[in-house]
Every structure is written in C-alpha cells, then in structure tokens.
Amino acid sequence: MEPNTSLKPRWQRPVYFALGCLSVAIGVVALVVPLIPGIVFLVLATACFSRSSPRMETWLTTHPRFGKLIRNWNASRAIPRSAKWLITISMIASFSLIFLETNSRLLQAVVAVIMLGVLVYVWRRPEQPASVP
C-alpha cells in the first residue's frame, strides 16, 4: 500500500500525529474492553497518520495484527467471522459481570440495549473483504 502523499501543512502534522497515537492506544485497549469499537479507532489512526506521517500509516496498515483488519474495513467494511464470535463472547462475559456486580436494573438494561445494538451492527457486516491484498 502506498502512503498518502497529501500531508497537511507542517503546523497541523503534530496534531494529527498525536491524534493518531491516541487512537492507536484506545484501539489497543478496545481489544480488551468490548463496548469500545477498536477497529474504528485504528481506522481513525490510519487517517490521522495519512495526514501527518506516511511512515506510521504504512506501519499500521502493514502491522501483523491490525493491518489486515484495517485494510478489510477500508475496502468493504468487513469483519471476519472469528472476530464476530470473539466480540460476541466478550460482550456476553462483560454483561454477565455487570449483571452479577450491580443491582441497578436501569444500568443493566442500558448496557444490554447498547451491547445488542453493537452486536446487530457487527453481525450485519460482511465477512469476506472484496479482494484485499
């Protein structure tokens, strides 16, 4: 993948670079926290790096763990079936903890609605990307 050559003016680059680094950090945390959509933050990081650091953009899009997910998402908004199941199992485990550890039925209901919405969205995404290298 060729890096984007449309860099922003020099004074904007540090801002985009910092946003890209923050987005990568949140995306990595999202691998453990099921309510945070990690791929969104990794795609955002790629967009920020394309405006500030072609080297970081290339690093992220060719990363052994994240690169394929980012390329799949950019090409066809695809989520692999294995990732869908991992997300589903993580959310069930998280909701079980919330259900067991809180007495607030309102909180449980709000979390359940949010998680169900996320799961519907995830499972409606295509599973196979449109021929991504």
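Mentor: Happy to! Let's begin with surface: accessible areas come from the Shrake-Rupley method, which uses a 1.4 Å probe. Keep in mind that this is a predicted model. The protein exposes about 8500 Å², and carbon and sulfur atoms supply 68% of that area.

Trainee: How many helices and strands does the protein have?

Mentor: There are six helices and zero strands. Starting at the N terminus, you would read the elements as α-α-α-α-α-α.

Trainee: And what share of the residues is buried?

Mentor: A residue is called buried when its relative accessible area is under 20%. Of the 133 residues in this protein, 29% are buried.

Trainee: Let me try one. Is T88 buried or exposed?

Mentor: T88 has 11% relative accessibility, so T88 counts as buried. You will find T88 in helix α5, which covers residues 81–101.

Trainee: Which residues does T88 touch, leaving aside those up to four places away in sequence?

Mentor: With those set aside, T88 touches L119 and W123. For the whole protein, take the contacts between residues at least 6 apart in sequence: 66% of them join residues at least 24 apart.

Trainee: Which residues make the nonpolar surface patch?

Mentor: V28, V29, L31, V32 and V33 make that patch, and its area is about 420 Å². Take L31 as an example: L31 sits in the loop between α1 (13–29) and α2 (38–52). L31 has a relative accessible area of 45%, so L31 is partly exposed.

Technical notes: Residues are numbered from 1 along each chain as its sequence is written. This is a predicted model: local features need pLDDT of at least 70, side-chain atom pairs count only at pLDDT 80 or more; totals for chains, interfaces and linings use all residues. Side-chain values use heavy atoms; hydrogens and water are left out. Patches are made of residues with over 30% relative accessible area and no salt bridge: like charges are joined within 9 Å, nonpolar side chains (Val, Leu, Ile, Met, Phe, Trp, Tyr) within 5 Å. A salt bridge is a side-chain nitrogen of Lys or Arg within 4 Å of a carboxyl oxygen of Asp or Glu. Helices (H or I, at least four residues) and strands (E, at least two) are DSSP runs, numbered from the N terminus. Buried means under 20% relative accessible area, exposed over 50%, partly exposed in between (1.4 Å probe, protein chains only). Contact means heavy atoms within 4.5 Å.
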